[in-house]
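Have the structure open beside you and follow along.

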Protein chains: 2
Amino acid sequence: MAKKPDLLPGTLDMLILKTLTRAPLHGYGIALSIKRLSDDVLTVEEGSLYPALQRLLLQGWVKAEWRMTETNRRARFYTLTGAGRKQLGIELTQYEQMITAIGLVLKDAEA
Amino acid sequence: MAKKPDLLPGTLDMLILKTLTRAPLHGYGIALSIKRLSDDVLTVEEGSLYPALQRLLLQGWVKAEWRMTETNRRARFYTLTGAGRKQLGIELTQYEQMITAIGLVLKDAEA
DNA sequence: CTCTACCCATAGATAAACTATATATCTCTC
DNA sequence: GAGAGATATATAGTTTATCTATGGGTAGAG
């Protein structure tokens, strides 16, 4: 059974951090944002999202605050910290390096 | 501790299959090939490589044959099968789709 | 005869993602 | 006012991929 992953493993933290550079968001909003920005290609399951947010909180890369949404529901809003912004930079650099390297391997031409 | 992976998780099978489109190779040669083609960015550890090859064998995507290397050592040479070539196509498509989608999320511009 | 490069393979730990489940509220429709 | 559906958080348990660590063994160079 060819099961398809909902995202490239290892990229979720980066995607969340990047999403938060645009504006503070609650978890559900982050998931929606990533899904919509990616034209429905990337789906962040709840079972992946909330543990990831806990991770990011623990690392001090985001901070959380309970507020009310526009639709009048209680939700936990996450904001990127300075350390989080720095971490995002690191992860972006590593990611670029990785996909460049993968591109080299996938290229057909051999010297 | 939380060591970073030497490659993007989920891409190893694709990299191995692609490497085998060029020529049959033994495990050690596959690892070397990926490392060199990627300018030493991607390193395939043996503990990742051999289980991955077992996986590919089991799926019927490669077949193996004991032969002698140029340096006169016994080695197991892996050859891509028809099913493996098909699988590679699938994985390449999914990979492209993923990194395109990730690119959309990482872009700064918002409509 | 020792060292390095070559070669295979597995066990166990770790981490990240998934499925499934639980809870709860708001809004809209019938 | 009942129910559906979208909004919202969270955890337990499972799966899977990768790493670390270890174990074997051979060829050739010095």
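I began with strands E2 and E3 (residues 74-80) of chain A, which pair in the antiparallel sense over seven bridges. For the record, strands pair if DSSP finds at least two bridges between them; helices (H or I, at least four residues) and strands (E, at least two) are DSSP runs, numbered from the N terminus. I looked up one pair: A:Lys63 has A:Thr79 as its bridge partner in E3(A).

A note on what I am reading: this is a predicted model, in which local features need pLDDT of at least 70, side-chain atom pairs count only at pLDDT 80 or more, and totals for chains, interfaces and linings use all residues. Residues are numbered from 1 along each chain as its sequence is written, and chains are lettered from A and ligands numbered from 1 in the order in which they are written.

**The sheet in chain A**

I traced three strands in an open, antiparallel sheet, in the order E1-E3-E2. Strands E1 (25-26) and E2 (62-68) of chain A are at the edges with a single partner strand each, so one side of each has no neighbour in the sheet. Next I found helix H1 (residues 12-22) of chain A packing on the sheet, where it touches E1, E2 and E3 of chain A, its direction at about 95 degrees to that of E3(A). Contact here is C-beta atoms, placed from the backbone, within 7 Å; axes are lines fitted to C-alpha atoms, for helices over the stretch in contact, with angles from 0 to 180 degrees between N-to-C directions.

How many residues of H1(A) are buried? I got eight of the 11, so the helix is largely enclosed by the rest of the structure. Among them are A:Leu12, A:Met14 and A:Lys18. My cut-offs: buried is 20 or more other C-beta atoms within 10 Å of a residue's own, exposed is 12 or fewer, and partly exposed is in between, with C-beta atoms placed from the backbone.

**The sheet in chain B**

I then turned to chain B, where E1 (residues 25-26) and E3 (residues 74-80) run antiparallel and are joined by two bridges. B:His26 has B:Phe77 as its bridge partner in E3(B). E2(B) and E3(B) form a hairpin with five residues between them, and B:Asn72 in the turn has a positive phi of about 65 degrees. B:Ala64 stands opposite B:Tyr78 in E3(B).

I also checked B:Gly47, which sits in helix H3 (residues 46-59) of chain B. B:Gly47 is exposed, with 8 other C-beta atoms within 10 Å.

**How the two chains meet**

The contact takes 24 residues from chain B and 25 from chain A. On the chain B side, H4(B) gives the most, with nine residues. Of the interface residues of chain B, 96% are also interface residues in chain A, so the copies meet through the same surface.

Last, I looked up B:Val105: leaving aside neighbours within four places in sequence, its contacts include A:Leu15, A:Ile34 and A:Leu42.

Terms used: Two residues are in contact if their C-beta atoms, placed from the backbone, lie within 7 Å.
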